[in-house]
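Thanks, I'll keep this short. Please have the sequence and the model up while I talk.

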Amino acid sequence: MRPHATTPATVPTRRAFSERMAEYGAVDGEFVVFEADIGYSTFSHLFGDKYPERYFNMGIAEGNMVSAAAGMAADGRTVVVSSYGVFITMRALESVRTFVCYPDLNVKFLSSHGGFTPAIDGVTHQATEDIANMTTLPNMKVLVPADTWSSKKLFDVALQTPGPVFVRLMRDPVLDLYETGDPFRMGGSHVVIEGAHVTIAAYGDIVFEAIEAAGILAKDGIGAEVIDMYSVKPFDREALLKSLDKTGALVVAENHQRRNGLGYELSNFCLKNKVVPFENLGLEDTFAESGSYGKLLEKYGLSKTHIADAAKRILRRT
Amino acid sequence: MGTFGSASRHLAKRRQDWRRILKTADQGKRKHTFEERVAFLTEKTKEVRSRIIDMIYKAKSGHPGGALSAADIVTALYFDVLRVDPANPRWPDRDRFLLSKGHACPVVYSCLAMRGYFGLEHLDTLRQFGSILQGHPIRKTPGIDMTTGSLGHGLSIGLGMALDGKLRGKDYDVYVMLGDGEINEGLVWEAAMAAAKFRTDNLIAIVDRNRLQMDGCCDDVMPMGDIAAKFKAFGWKTYEINGHDMAEILRTIEKARKVRGKPACIVANTVKGKGVSYMEDRFEWHGKCPDADQLSCAMKEIWGEDS
């Protein structure tokens, strides 16, 4: 693919996703949306404003919301459940597992406030274990759009993929990367920068740090290939192998606990299929805290310089 | 395995009678009187109870106490109340039934097999590897509307089904049977709150108030007080009945179905282990399997005659 230029995003991914959901209400006249009294935060109200009879505010009660969504989906209807990641993936985890994933129902999760993107809200609202919880569940698919266009496209992908799909979204706008028309699919990825020496795999907000890191590395003559692994489960094995055949080194960076995130999954994959020098950046067995997003990236080791340093470390170029 | 013989012998002796009764019932050439329905269902509960015990005995595992306390109500549902088609388990217009207290599933499995959703021979495979009859209900089993058994979720799921019915303009009802221990779960009350908000008058909760839960008396484990009053406070229409009085069961469900503008809850006072004297009101029989002598004794008591 062409080298991707980034521009400041005007809307956060949570809003872009919900905007598409409201548009899609006309495409698919049957799906309904459940929310738990944060519709103006997740922007799910954009759907509710247009389709009030298909929009259910279940109150501040996420467990009931998800189990009721399972009941609503039991005879084939698609339900989009919207809330914050911490509530969907932890408070309602058993409902997600036993009543959505086990019966393999068409429930899609609009999960805002992924990672520490709700930086100023503090740890209670930062979903830094959501990917671990969701990827572990059989039948669950996990998508993480990085920007406006990918959020809209991945809404379509989520609705058109049978069974449960979890979509992690961000609180604040970061950057835009893709152009209208760029394709997205379940199990896909995009190489957003090509390079020959090291592969950097990331998803969501950290894709932009990876792009910046590639710029730093380029100054040192290191060609970094950045892959946007927007489909976290299933992930794009072929694209990863193709990239590693070229670069032979892998850095995974994610706004998530380092344990049991994409890094663990890809390292396991590499151990079985292609052993390469490897580094995995994420929260190192710690919670984050309140503060600006940029400060948190620095303190918790996910900034562009951390990613670039990790790449140099595994290339023994420090 | 002579004791099986005693169970089977009872069934064989009565099979002819049932065929006759069922045939009459299914033909529907004339409307049965209320007394006839009650008599028919009362007779059916004997077979349901005997199959519950037989099934758990063969599986060497299961939950007889709560299955027996629910037996009269579940029999009434499957053999009189529910609009279902065993030949088409996913018929979109069917009434739904969720056994939220899923551990009592032998009572539902018995009714489903007796209604012809699957062969009676499957009852002998309860809890075994490869069986369609899992330890707790799953929706792959013909006639099971949803996976249940992790306590506290059934009312929420029923609420979702009720909302789906409303949105589709269907007139089906959703029945959810809860345990009185199960309602310790906070999720039940989240669902109670939401069902009142959405005025799901097609949702009927039935609480099997047998007053025992796994570790002992409900009042000792976690006193729930006046359960009907609690549902009423949430905005539900409520009823209290004797859950073993078939006439009262039928009359009350009929009333609950006609409620408009709010969901209905029937608190059914029952006896755990009902029908088998040594199990009655004993929490130890929540999840215990009878031995051969106990099986034999249970069969005699259920059928009310010497075998």
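Helix α2(B) passes helix α9(B) in a right-handed crossing. Keep in mind that this is a predicted model. In chain B, α2 covers residues 34-59 and α9 covers residues 246-258. Their axes come within 9 Å and cross at roughly 120 degrees.

Which residues make the contact? From α2(B) they are R37(B), V38(B), L41(B) and T42(B). From α9(B) they are M246(B), A247(B) and L250(B). Sorted by type, the residues of this contact are 5 nonpolar, 1 polar and 1 charged.

Next, helix α3 of chain B, residues 64-81.

Is α3(B) enclosed or open? Of its 18 residues, 17 are buried, so the rest of the structure largely encloses this helix. For this count, a residue is buried if 20 or more other C-beta atoms lie within 10 Å of its own.

Last, the chain as a whole. Chain B has 307 residues, and buried residues make up 50% of them. Its secondary structure comes to 10 helices and 7 strands. Take the contacts in chain B between residues at least 6 apart in sequence: 75% of them join residues at least 24 apart.

That's what I have; questions are welcome.

How values were computed. Residues are numbered from 1 along each chain as its sequence is written. Chains are lettered from A and ligands numbered from 1 in the order in which they are written. This is a predicted model: local features need pLDDT of at least 70, side-chain atom pairs count only at pLDDT 80 or more; totals for chains, interfaces and linings use all residues. Helices (H or I, at least four residues) and strands (E, at least two) are DSSP runs, numbered from the N terminus. A residue is buried if 20 or more other C-beta atoms lie within 10 Å of its own, exposed if 12 or fewer, and partly exposed in between; C-beta atoms are placed from the backbone. Two residues are in contact if their C-beta atoms, placed from the backbone, lie within 7 Å. The expected span of a helix is 1.5 Å times one less than its number of residues. Axes are lines fitted to C-alpha atoms, for helices over the stretch in contact, and angles run from 0 to 180 degrees between N-to-C directions. A crossing is left-handed if the near helix is turned anticlockwise from the far one by less than a right angle, and right-handed if clockwise. Ala, Val, Leu, Ile, Met, Phe, Trp, Tyr, Cys and Pro count as nonpolar, Asp, Glu, Lys and Arg as charged, and the others, Gly among them, as polar.
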